[in-house]
Amino acid sequence: MIELRTPTEIEQMRPAGRFVAEVLTAVTAAADVGVNLLDLDALAHRMVKDRGAESCYVDYHPSFGAMPFGKVICTSVNDAVLHGLPHDYTLRDGDLLSLDFAASVDGWVADSAVSVVVGTPREEDLRLIEVTRRALDAGIDAARTGNRVGDISAAISAVAHDAGLSVNTDFGGHGVGRTMHGDPHIPNDGRPGRGLPLKPGLVIAIEPWFLHTTNEIYTDRDGWTLRSADGSRGAHSEHTIAVTDAGPVVLTARD
Ligand code: MG
């Protein structure tokens, strides 16, 4: 079911968006060579507690997950790109880290993701991150009344294809509201002018993620972490946005 939010409800969603942005900013700043993924999760956990927010991940147990997630933030390193389960791993120079975080504040959810390199970056990794960011910007720019979901999808995939990247459509964006995942699904590839018409009040997460040299993934033995089929690295950029009469509003914008 597609739920449309009133302008008042969209205003009520802003604290969740701001909080998710704050956590990603703090965890990104803490991520460095020699820092353990479990410490990053602990930092996010502390912030959730201090804010009186609710984690969307701790008890998350969808059909594709082997067990409840049990952590509050996704930490995907190098060939891991989505759903990275924090584990005892100490970040090394040049690691590509993708952080995905969702929380509920005052009963409203926001969801956002960012990729960074710790220590000395490889040029190709910076470029991959930049492509996911540009694809996200293009997707957000297409999230306008009168367009359709396919316009968002096509805008994302156009950026990927221009950069010579292929797109996986198994995991993509989604409706966001009282819960983390709702309708509609926002694939990262599609045809312009197709799919659900975008109306004011639609709140969605848009989340392009790409891998260097494949679009195939497999699930790690931990039952959660999704890794590239060929070992190449991945990057991920995500914002929760509201479609409004005045254009797209990014609820999870970071300073
Ligand atoms: Mg997310």
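**Strand pairing and local geometry**

Modeller: Please note that this is a predicted model. In strand E4, Leu97 is the bridge partner of Val77.

Colleague: Which strand pairs with E4 over four bridges, and in which sense?

Modeller: That is strand E2, residues 74-77, and the pairing is antiparallel.

Colleague: How many bridges join E1 to E4?

Modeller: Two bridges join them, and the strands run antiparallel. Strand E1 covers residues 54-55, and its Glu54 has Ser104 as bridge partner in E4.

Colleague: And what about E4 and E5?

Modeller: E4 and strand E5, residues 108-117, are also antiparallel, with ten bridges between them. Within this pairing, Phe101 stands opposite Ser112 of E5.

Colleague: Is E4 enclosed or open, and why?

Modeller: Strand E4, residues 96-105, is largely enclosed by the rest of the structure, because ten of its ten residues are buried.

Colleague: Which residues point which way from E4?

Modeller: Leu96, Ser98, Asp100, Ala102 and Ser104 point one way, while Leu97, Leu99, Phe101, Ala103 and Val105 point the other way; all are buried. In a regular strand, side chains alternate between the two faces of the sheet.

Colleague: Changing topic: how many disulfides does the structure hold?

Modeller: It holds zero disulfides. Cys56 is in none, and the nearest cysteine sulfur, that of Cys74, is 11 Å away.

Colleague: Now the backbone. What is the phi of His83, and where does this residue sit?

Modeller: The phi of His83 is near 60 degrees, a positive value in a residue other than glycine. His83 is in the loop between strand E3 (80-82) and E4, and it counts as buried at 16% relative accessibility.

Colleague: What about Asp106: buried or exposed?

Modeller: Asp106 counts as exposed, at 59% relative accessibility. Its phi is positive, near 55 degrees, in the hairpin of E4 and E5, which has two residues between the strands.

Colleague: Lastly, which residues does a cis peptide bond join?

Modeller: A cis peptide bond joins Asp183 and Pro184, with omega about 0 degrees. Pro184 is found in strand E7, residues 182-186.

Conventions. Residues numbered from 1 in each chain as written. Predicted model: local features only at pLDDT ≥ 70, side-chain atom pairs only at ≥ 80, totals over all residues. Heavy atoms only, no water. Disulfide = S-S within 2.5 Å. Buried < 20%, exposed > 50% of the residue type's maximum accessible area, 1.4 Å probe, protein only. Pairing = 2+ DSSP bridges.
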